[in-house]
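Thanks for making the time today; I would like to walk through the side-chain contacts in this one, starting with the rings and then moving on to the charges. Please keep the structure open while I talk.

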Amino acid sequence: EGHHYLECTFFEQKAKNRVVVHLLNSTVRELGKVLPMGPAKILVKKDFLKPSKAYSAWPERKDLEIQDKGDYLEIATPGTRIHQIVVLDR
């Protein structure tokens, strides 16, 4: 959940037993200038992934809270200026 200019991709790293989430602020590409995005939420269905730990790895290291919302887990992320990398450890 986030601004419509915020793109999100998931990459599984099986060797490290984790999923890496890349958040990309596409305002540079779409508008030609950076408009910083406010906080967003990563929503993960429990049957897809149950991370034991979540943290923002880029642009700064910060532990993130995982909240149980029934069928899914919610991870609130800080704002994204250009891009952000979030790691979900299994």
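To count aromatic pairs, I take rings of Phe, Tyr and Trp, the last by its six-membered ring, and call them paired if their centres lie within 6.5 Å, with planes over 60 degrees apart counting as edge-to-face. Please bear in mind that this is a predicted model.

On that basis the structure holds 1 aromatic pair, and it is formed by Phe-10 and Phe-48, which sit edge-to-face at 6.3 Å centre to centre, with 85° between the planes. The pair links distant parts of the chain, since Phe-10 belongs to strand β1 whereas Phe-48 is in the loop between β3 and β4, 38 residues apart. Phe-10 itself counts as partly exposed, at 37% relative accessibility.

A ring also takes part in a contact with a charge: the charged end of Arg-61 sits over the ring of Tyr-55, 3.8 Å from its centre.

Turning to the salt bridges, the structure holds 7 of them. One of these joins the side chains of Glu-7 and Arg-29 at 2.2 Å, N to O, and because Glu-7 lies in strand β1 and Arg-29 in helix α1, the pair ties together parts that are 22 residues apart in sequence. Glu-7, Arg-29 and Glu-30 are linked in a network of salt bridges.

Key. Residues numbered from 1 in each chain as written. Predicted model: local features only at pLDDT ≥ 70, side-chain atom pairs only at ≥ 80, totals over all residues. Heavy atoms only, no water. Phe/Tyr/Trp six-rings, centres within 6.5 Å; stacked < 30°, edge-to-face > 60°. Helix = DSSP H or I, 4+ residues; strand = E, 2+ residues; numbered from the N terminus. Buried < 20%, exposed > 50% of the residue type's maximum accessible area, 1.4 Å probe, protein only. Lys NZ or Arg CZ within 6 Å of the ring centre and 35° of its normal. Salt bridge = Lys/Arg side-chain N within 4 Å of Asp/Glu carboxyl O.
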